[in-house]
Amino acid sequence: MKLLTTVPALLSWLTIADCASTARFCDPDAGDDFQRAHVGLIISPIMSIRTIREIEIYWNHARYRPGDAIALYTGEPTSGLEPIYTLIPTTPSGIKRTGVQATFVPTTNLTFAQQCLHYHVAWLRNGTVRLTNCLQTQPHWMTQRRTILGPLPMSRVFLPGTHDSASYAINERAHSENIVDRYVITQDVDVLAQLIYGVRYLDIRAGYYPSTNSVWWANHGVIKTVPMQTIVDQVKAFLDNTNEIVIFDIQEFPIGFGKTLAVHHDFVGFLEEQFAGYYLPRSYGWTSTLNTIWSSGKRLIIGYDERRVVSRYESVWPCVTHQWGNVRTIEDLFSHLNRIETESLGHPRSIPRSAMAELTPNTWDVILNRLGSIRQMADKVNINVTNWYNNKWQHTANIVAVDFVRSSGIIETAIEWNERRNSHC
């Protein structure tokens, strides 16, 4: 069994929750053991020659009983469907690898309707299904909660995000990665799929390559990953098929932009042309409520990490504040996140902030492979980040950006706590 990383006082799971996910759960006398319990599925980021997309089950149930079981199914749990994997929980919370490899789902198979993707999990007591969940998409979660979220500015919404969103590789089959892949690839699905799964904050790094056909690229550091046109088209496809709000945050310009603003002007021109009719003008400002944004008919906010450019264009906004810890251990990551979330209590912001919830290897860590690949680091970090934002910082969280988002429960966590903390329970 893979246990949560041992940092005793820090990693206590959701054994006590403030309230449950909807208003009806706010009744303290409801008395149902399962109203404050959770069971979920994530996709391991680990890939080797033999393994890819292993399903993991994670759970929390303070009132679990001996004899309870958690089962994995290939459809909705019914009396006639046999589980493909079963575990007996012996602790109130935990995570367990199943050895089951999830079926590959290409982005073209995803729809713009919320859907369960083949795998379901159920908590069984005395042979009866008491709690269920599934691997699912969340293409409309903000719109579905418009009544709750509409009066809020972006800085008060809990938004799931991805780090280096355009540094993705889609692998249908398991194989070994080279050193560039190990330290460049941060996501295992493309940007459109990230948005369909529920991500609403995209961290984009831009490169300029005048000698290539595409010219504009998404980068991870000095490595170009995907043509920017591909990312733009994916974002537009999502906006065309939903009523969701997306932050497209351009945070760095690592290649080709130089010290003058000439290339920046060209790039903003590209963004304005490509996103014409989609982007919200900067004059609306970060203090605008989501209702104001929805009423405008424009649902894309383009953040831009160059103040001199932002001041000249209505199309780009001051970028989201990235809160980096630049840390190399889970203990130090906890300390960093604890500090920024605690500080946020007394210092409300107008510009949204993103907790960058990942480890940062230095050059020697990469050369000597001391921390493992980004996949291995995400595997160690993500379930803990999910835990922390469920149990400790659920009331202060704004944007939380992770690597390999499907290996975390941050999307479920954000959706749940947007409801809880804005339902006054």
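**Close-up 1. Helices α9 and α11 pack against each other in this predicted model.** Helix α9 covers residues 330-346 and helix α11 residues 374-391; their axes are 11 Å apart and meet at an angle of about 30° (axes are lines fitted to C-alpha atoms over the stretch in contact, and angles run from 0 to 180 degrees between N-to-C directions). The two helices are therefore roughly parallel, a label for angles under 35 degrees. On the α9 side, the contact (heavy atoms within 4.5 Å) is made by Ile330, Leu333, Phe334, Leu337 and Glu341, and on the α11 side by Lys380, Val381, Asn384, Val385, Trp388 and Tyr389.

**Close-up 2. Strands β10 and β11 form a hairpin.** Here β10 (residues 215-220) pairs with β11 (residues 223-227) in the antiparallel sense over four bridges; pairing takes at least two DSSP bridges, and strands are DSSP runs of E with at least two residues, helices H or I runs with at least four. Look for asparagine 219 opposite lysine 224 of β11. Two residues sit between the strands, and glycine 221 in the turn has a positive phi of about 60°.

**Close-up 3. Glutamate 54 and arginine 97 meet in a salt bridge.** Their N to O distance is 3.6 Å, where a salt bridge requires a Lys or Arg side-chain nitrogen within 4 Å of an Asp or Glu carboxyl oxygen. Glutamate 54 belongs to β2 (residues 54-60) and arginine 97 to β5 (residues 93-101), so the pair ties together parts 43 residues apart in sequence. The count by this rule is 22 salt bridges.

**Notes.** Residues are numbered from 1 along each chain as its sequence is written, and side-chain values use heavy atoms, leaving out hydrogens and water. Because the model is predicted, local features need pLDDT of at least 70 and side-chain atom pairs 80 or more, while totals for chains, interfaces and linings use all residues.

Conventions
Angles under 35 degrees count as roughly parallel, over 145 as roughly antiparallel, 65 to 115 as roughly perpendicular and the rest as oblique.
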